[in-house]
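This report looks at sheet pairing, nonpolar cores and aromatic contacts in the structure shown below.

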Amino acid sequence: MALLTPDPTFYPSPRLAAQAPPEKLAYIVTLQPLGGAKHDALVVLDTDPLSPTYTQIVGRIESPHHGDEFHHFGWNACSSALCPYAPHPHVERRYLLIPGLRSSRIYIYDTKPDPRNPRLVKTITAEEIANKTGYSRPHTFHCGPDGIYVSALGDVHGDGPGGIFILDCETFNVLGRWEVDRGPQHLAYDFWWHLGYDTLISSEWGTPNMVENGVNPDLLLAGKYGHHVHLWDLRRRKHLQALDLGAEQQMVLELRPAHDPTKAYGFVGVVVSIKDLSASVWAWYREKNEWKIRKVIEIPAEPADVDLLPPALKPFGAVPPLVTDINLDLEDKFLYVSCWGTGELKQYDVTDPFAPKETGSVHLGGIVRRAAHPSTGPLNGGPQMVEVSRDGKRVYLTNSLYASWDQQFYPDGLDGWLAKLDVDPGGGLTPDPKFFRAFPDERPHQVRLEGGDASSDSYCFP
């Protein structure tokens, strides 16, 4: 696995990574609805417009087990291996690590020698993770300079605390729990870092017992889901600071730090405010050696006909945006915000991170709107996980969130789809009428692009 020269898909800076060749393949994880008969899968899609199989599925491998609930996934190695202190500078971006969010297994798929036909080469069992870390329900993966970091939602009983554990990036052995001193941190979800500031950031959703059966309205209205962002000393693995967004802000999910390592700020999305069902995006930043956070985007709920709402929303007479994912392009210019509830993807110019300007919007699906793609009839689901190509010109969307949540908010059944949007460099985005992929009998959750994308790599040089 060791190379004599660094992997050509590694770039020392986001500026150079943005000049990388366009992706020719996309890897997509699909999950099954609750009670589905098939297994979750890793699907390979042709994204090369010059290929005779453009937009077609050219590879597929199913999980050997039933009921995993494939979720976020990531590469074993990335551009962070070029950081000055990286102990593994000659590893290669070759293996995809896919967690089962319900089974707690982690599957290792080899995308080489045939990128269109990945092979399963190793399975990390739930028992190994539990025995070595005390955690379960692995969620987010990031390839770091010294290993693979994995967040976990909770303990082996489905309660808190959740946290982070480490895998060896070559053997995939579980090394152990990452935190030395977790301070007040109890809930877990996403994490990322500012490598140039030796700082890790983590966010909060809920324990497995709080989320696995859908949103619990009693817990939500009581403000029991996560509403903090945590700052950590990355090298010393110690909790530094907790930033409270306020108890009305529920479910603080995806973290997107600026890619430029000289910039000490980033964005995090909040699913819902119990005050008015709005969703929001907050910017954290460093000022006078202290980390702070402020709301920079608020998206209101949309009034709706009660007869068109699922039971969980009928008492409110409105559709919440439900911001479930955000993504930042490699130039730190455009921030994309998924509104899974209202069926909208918003684009903001965040050149000034504290004064975002909305520059684009596309409607697809939605709980009530059911907006169509140019090549389809009405759609359900909505923009959920959003991935941006390294050059910032293409945006890929999937529409499934989490099986129990899909069922709660789209009780008529969620039909899986993936779409690509084209980005205007000056601002604005448009659905590609020739690029829409339906997924009958399964639901796509997340996309990873061959060679890396806007949420896969970290950089140590500006």
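Two strands pair if DSSP finds at least two bridges between them, where helices (H or I, at least four residues) and strands (E, at least two) are DSSP runs numbered from the N terminus. This is a predicted model, in which local features need pLDDT of at least 70 and side-chain atom pairs count only at pLDDT 80 or more, while totals for chains, interfaces and linings use all residues. Residues are numbered from 1 along each chain as its sequence is written, and side-chain values use heavy atoms, with hydrogens and water left out.

Strand S2 (residues 41-46) runs antiparallel to S3 and is joined to it by 5 bridges; Leu 45 has Ile 57 in S3 as its bridge partner.

A nonpolar core is a set of buried Ala, Val, Leu, Ile, Met, Phe, Trp, Tyr and Cys residues joined through side-chain atoms within 4.5 Å, and buried means under 20% relative accessible area, exposed over 50%, partly exposed in between (1.4 Å probe, protein chains only). The largest such core has 29 residues, and those with the most contacts inside it are Trp 205, Val 211, Met 251, Trp 405 and Phe 409. Among the elements that give two or more residues to this core are helix H3 (208-211), strand S16 (249-257) and helix H5 (403-409). Apart from it lies another core, of 20 residues, including Ile 129 and Phe 172.

Leaving aside neighbours within four places in sequence, Trp 405 is in contact (heavy atoms within 4.5 Å) with residues including Trp 205, Met 251 and Trp 340. Trp 405 also belongs to one aromatic cluster with Tyr 189, Trp 205 and Tyr 402.

Rings of Phe, Tyr and Trp (its six-membered ring) pair if their centres lie within 6.5 Å, and planes under 30 degrees apart count as stacked, over 60 as edge-to-face and the rest as tilted.

| Pair | Centre to centre | Angle between planes | Class |
|---|---|---|---|
| Tyr 54 and Phe 435 | 5.7 Å | 70 degrees | edge-to-face |
| Tyr 189 and Trp 205 | 5.5 Å | 85 degrees | edge-to-face |

Tyr 54, in the loop between S2 and S3, and Phe 435, in strand S29 (residues 429-439), are 381 residues apart. Phe 435 is buried, at a relative accessible area of 1%; Tyr 189 is likewise buried at 5%.
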